[in-house]
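Subject: Structure handover

Hi,

Here is the structure I promised to send over. My notes follow below it.

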Amino acid sequence: ISECLVGSEMCIRDRDGEVTVSEADCRDQICVEHKKIRKTGETIVCLPHKLVVTVTGDKPGDFDAVVM
């Protein structure tokens with residue numbers, strides 16, 4: 001699955017259960033360089049586009065620690 005946002009140059013891809021931002025027209029490219037996400041609770045953020053991509057589901061992710 002590939003979804004490109006209307007009005008901007010940004011594409012989000014879901015391939016084999018892993019999600020990534022494959023293209024973006026933001027200057028810093030942090031969202032594009034972010035690792036692929038697949039576990040519940042993992043997130044990719046793009047501040048220039050005001051976009052947050054989060055994996056949701058019933059199965060909890062593998063967390064090393066939770067800090068509050």
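Thr20 is found in strand E3 (strands, E, are DSSP runs of at least two residues, numbered from the N terminus). Thr20 is buried, at 16% relative accessible area (buried means under 20%, exposed over 50%, partly exposed in between, with a 1.4 Å probe and protein chains only). Setting aside neighbours within four places in sequence, Thr20 is in contact with Cys11, Ile12, Arg13, His34, Lys36 and Ile44 (contact means heavy atoms within 4.5 Å).

A word on the source. This is a predicted model, where local features need pLDDT of at least 70 and side-chain atom pairs count only at pLDDT 80 or more, while totals for chains, interfaces and linings use all residues. Residues are numbered from 1 along each chain as its sequence is written, and side-chain values use heavy atoms, with hydrogens and water left out.

Now the core. The largest nonpolar core has 13 residues (a set of buried Ala, Val, Leu, Ile, Met, Phe, Trp, Tyr and Cys residues joined through side-chain atoms within 4.5 Å). Met10, Val21, Cys31 and Val53 have the most contacts inside it. Strands E2 (10–15), E3 (18–24), E4 (43–46) and E5 (51–54) each supply at least two residues of this core. E3 gives the largest share, three residues.

Val53 also has its own contact list. Leaving out neighbours within four places in sequence, Val53 is in contact with Ile12, Val19, Ile37, Glu42, Thr43 and Ile44.

Last, Val45. Val45 lies in strand E4. Val45 counts as partly exposed because its relative accessibility is 38%.

Best wishes

Conventions: Helix = DSSP H or I, 4+ residues; strand = E, 2+ residues; numbered from the N terminus.
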